Amino acid sequence: MNSDLSLKLLFHMKRIRKVEEEIAARYPEGKMRCPTHLSIGQEAVPAAIALTLKHSDFAVGSHRGHAHYLGKGGNLPAMIAEIYGKATGCSRGRGGSMHLIDLKAGFMGTTAIVGNSIPIGVGLGLSIQLHGTNQLSCIFLGDGAVEEGVFYESANFAAVRKLPVLFVCENNLYSVYSPLSVRQPQGRSISKMVENLGLRCMTGDGNDALESHRLLVQAVAELRNGGGPVFLELFTYRWREHCGPSFDNDIGYRSVEEFEYWKARDPIALLERQILANQPAAAQAIQTLESSIDAEVREAFQFADDSPFPERGHAFHGIYA
């Protein structure tokens, strides 16, 4: 085991988890006046992205985009301020949780509409090809997004043009409250279906941070060598409700047994156990990184609290007709 890589992955996963748990804890205060879609339980994939993509690469995310934004290097205080609707937010307080952007980090936006960022990511891939730069465009999507027509149009165009586009599908088994069993024919593999569209496909355990990182490194290397678009399907699971800070196992769309099975496969706990089994002395390093994360998160929320709301006169700035 590469202990340095493992600790870096653990840091990013714990950072994402701590941020979202703090959002969940503070949400009842009423200061976050927007819906929030948390990805607690799904931290391994964005943590692996954090150690794989270059700063100059592009990425776009979905409505469940906090982890994607942070994984690509987005500004944490600006993200929290955005969720608080403050002028210092990454979208100047106008977008809230589902509309995050950080051009300096190459994070080109998230959207509330399922599948809406997919053609944007493909367009970014086309711009890379036209300019001849050694970049790639990473598109985060969920299993529900492959049921949108725009996915097929975008995937086909990416395949025809051999664009440097990485489709990262975090398959968490549900679209809101609907499992795959009521949305896809029995036995269908999403990645095999996409492979028939002309994309090279890989699948893996999205709760295994090291495996996710290995697959991403392989996919990114192929993309930079001009191999054309890659579709990476990583299986994972969200713990909290589809939208909001709470748990929703009581409403009957998923069983307690299923939830407990996936919770036992917590990507953070799995990697931490592996690290300590191979290197017991790493406990001190883990404690140190946890302390640094706690301090960073406190400062980010304080920044959001202290920041001003946008001025009324700025409501129509940046709007085009």
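Biologist: Which elements cover the buried residues of helix 4?

Modeller: In this predicted model, the cover over the buried residues of helix 4 includes helix 1, helix 3 (66-71) and helix 11. The buried residues are Leu76, Ala78, Met79, Ile80, Ala81, Glu82 and Ile83.

Biologist: How is the packing of two helices described?

Modeller: For helix 1 (residues 3-26) and helix 4 (residues 76-83), the axes come within 12 Å and cross at roughly 25 degrees. Angles under 35 degrees count as roughly parallel, so helix 1 is roughly parallel to helix 4. The crossing of helix 1 and helix 4 is right-handed.

Biologist: Which residues of helix 1 and helix 4 meet?

Modeller: Arg15, Val19 and Ile23 of helix 1 meet Leu76, Met79, Ile80 and Ile83 of helix 4. By class, this contact of helix 1 with helix 4 comprises 6 nonpolar residues, no polar residues and 1 charged residue.

Biologist: At what angle do helix 1 and helix 11 pack, and how far apart are their axes?

Modeller: Helix 1 and helix 11 pack at an angle of about 40 degrees, and their axes are 10 Å apart. That makes helix 1 oblique to helix 11. The crossing of helix 1 and helix 11 is right-handed. Among the residues of helix 1 in this contact are Leu7, Leu10, Phe11, Lys14 and Arg15, and those of helix 11 include Ala285, Ile286, Leu289, Glu290 and Phe301. The contact of helix 1 with helix 11 has 11 nonpolar, 1 polar and 9 charged residues.

Biologist: Which residues have the most contacts inside the largest nonpolar core?

Modeller: They are Ile23, Met79, Ile80, Cys138 and Leu166, in a core of 63 residues. Helix 11 (residues 282-306) supplies the largest share of this core, 8 residues. A second, separate core has 22 residues, including Val60, Ile139, Leu163 and Val194.

Biologist: What does isoleucine 23 touch, leaving aside residues up to four places away in sequence?

Modeller: With those neighbours left out, isoleucine 23 touches Met32, Thr36, Leu38, His66, Met79, Ile80, Ile83 and Phe301. Met79, Ile80 and Ile83 are residues of helix 4 that helix 1 meets, and Phe301 belongs to the part of helix 11 that meets helix 1.

Biologist: Are helix 5 and helix 6 roughly parallel or roughly antiparallel to each other?

Modeller: The axes of helix 5 and helix 6 come within 9 Å and cross at roughly 15 degrees. Helix 5 and helix 6 are therefore roughly parallel to each other. Their crossing is left-handed. Helix 5 contributes Ile118, Pro119, Val122, Leu126, Gln129 and Leu130, and helix 6 contributes Val150, Phe151, Ser154, Phe157, Ala158 and Arg161. The classes in the contact of helix 5 with helix 6 are 9 nonpolar, 2 polar and 1 charged.

Biologist: Is threonine 111 buried or exposed?

Modeller: A residue under 20% relative accessible area counts as buried; threonine 111 has a value of 9%, so it is buried. Threonine 111 lies in the loop between helix 4 and helix 5. Setting aside residues up to four places away in sequence, threonine 111 touches Gly61, Ser62, His63, Met98, His99, Asn116 and Ser117. Its C-alpha atom is separated by 8.8 Å from that of arginine 64, which is 47 residues apart along the chain.

Conventions: Residues are numbered from 1 along each chain as its sequence is written. This is a predicted model: local features need pLDDT of at least 70, side-chain atom pairs count only at pLDDT 80 or more; totals for chains, interfaces and linings use all residues. Side-chain values use heavy atoms; hydrogens and water are left out. A nonpolar core is a set of buried Ala, Val, Leu, Ile, Met, Phe, Trp, Tyr and Cys residues joined through side-chain atoms within 4.5 Å. Buried means under 20% relative accessible area, exposed over 50%, partly exposed in between (1.4 Å probe, protein chains only). Helices (H or I, at least four residues) and strands (E, at least two) are DSSP runs, numbered from the N terminus. Contact means heavy atoms within 4.5 Å. Axes are lines fitted to C-alpha atoms, for helices over the stretch in contact, and angles run from 0 to 180 degrees between N-to-C directions. Angles under 35 degrees count as roughly parallel, over 145 as roughly antiparallel, 65 to 115 as roughly perpendicular and the rest as oblique. A crossing is left-handed if the near helix is turned anticlockwise from the far one by less than a right angle, and right-handed if clockwise. Ala, Val, Leu, Ile, Met, Phe, Trp, Tyr, Cys and Pro count as nonpolar, Asp, Glu, Lys and Arg as charged, and the others, Gly among them, as polar.
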